[in-house]
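User: Please take a close look at one part of this structure. Start with the chain as a whole, then go into detail.

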Amino acid sequence: MKRTMMAALLTGASLPAMALPPVGDPGLSGVVNLGYSGGEIETNFLAKIQGINEDLGPERIDSFDSPDSESIALPVANYDVGWTFSNGTRVSVGSDVMDLVEFDQTTRLSVRHDFDGWGEFRVDGLFPSTFTVQVFRDPYRTDRKRNRTDQEYSGGRFVWDRILDTGFGVKFTMQNKDVDNEQSGFNNDSLTDEERRLLDREGDILHAEVGYRFRLDGGHTLRPAVAYIDRDLDGDAMAQDGVIASLGHIFETDRIKVASRISFASLEGDEDNPLFDEVNDGDTWTFTSIVSFPNPVSYTHLRAHETRS
């Protein structure tokens, strides 16, 4: 799947950075980003974004060749609103605009507390978003219309930033991927029941990342990071694991803030796909850049480009 995404947001505060933001004063506070996104996508698996009726992939395919490029336009809502208690503990509900790139948006319920000398801690509960992404029940069905079904993510995340008052930070995320009516390969009579089970897209996803933030002169910040990802899906032909290396950069002045990140992921599959006789290996380059202008009503621009080989 290839994606080229752009988004424009209207916001009254800064976008997510490479570190946890300051807790702030006691009381109610937060940020709400509203805007739109647009771009192109090529996919045979993703079908539609429920709630805004945005089609992503073709309802019918005649072969397993690369799909045509589809233009998309959809609203974006990014928010973090919560209450900070007098002891510094903050409870909030939020989302992440960066999930737009992966089409796996969740709603985040968080508890945050910072400890002097130890660092900043946040625990998140992740729940399915209102804008559920639908996939095709059997993405391998050809020569007729394919039915849709909901795909949802839920789980938890632990963030420990500025560890022991240093630039180190870690993030552990465990999610469960659920496809409401999973029928991959069910309409292909050449597959056995055992081979169909190899195509199951449900299962658990572990993402563990460690990074270090360097503050440089002239308003620059760098954050190299390395992560391990294990997509322990029920279908061994869909399961993958591997490493993601990334480099983040922030340039910030009183008038502008530019946050960019480039990453490379190398993933290895577990078993051959019975329809293609190939292992689901993949290398992915991703580049994302966010530009914001801190005004009472500021304009931000997000670009994300992903290629796979």
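Analyst: In the protein chain, 60% of the contacts with a separation of 6 or more are between residues 24 or more positions apart; a contact means heavy atoms within 4.5 Å. This is a predicted model, in which local features need pLDDT of at least 70 and side-chain atom pairs count only at pLDDT 80 or more, while totals for chains, interfaces and linings use all residues. Residues are numbered from 1 along each chain as its sequence is written, and side-chain values use heavy atoms, with hydrogens and water left out.

The secondary structure of the chain comes to 2 helices and 20 strands. Both are DSSP runs numbered from the N terminus: helices are H or I with at least four residues, strands E with at least two. Of the 309 residues, 45% count as buried, where buried means under 20% relative accessible area, exposed over 50%, and partly exposed in between (1.4 Å probe, protein chains only).

Asp80 sits in strand β5, which spans residues 70–84. Its relative accessible area is 18%, so Asp80 counts as buried. Leaving aside residues up to four places away in sequence, Asp80 touches Ser29, Gly30, Val31, Arg90, Ser92, Val93, Gly94 and Arg108. Two of these neighbours are arginines whose side chains make polar contacts with the side chain of Asp80: Arg90 at 3.3 Å and Arg108 at 2.8 Å. A polar contact is a pair of N or O atoms within 3.5 Å; within protein, one must be able to donate a hydrogen and the other to accept it, and residues adjacent in sequence count only if both atoms are side-chain atoms. Ser95 is 15 residues from Asp80 in sequence, and their C-alpha atoms are 6.6 Å apart.

Val93, one of the residues that Asp80 touches, also belongs to a nonpolar surface patch of about 870 Å². Patches are made of residues with over 30% relative accessible area and no salt bridge, like charges being joined within 9 Å and nonpolar side chains (Val, Leu, Ile, Met, Phe, Trp, Tyr) within 5 Å. A salt bridge is a side-chain nitrogen of Lys or Arg within 4 Å of a carboxyl oxygen of Asp or Glu. Accessible areas come from the Shrake-Rupley method with a 1.4 Å probe, and for residues only the protein chains shown count as cover.

Val111 lies in strand β7. With 46% relative accessibility, Val111 is partly exposed, whereas Asp80 is buried.
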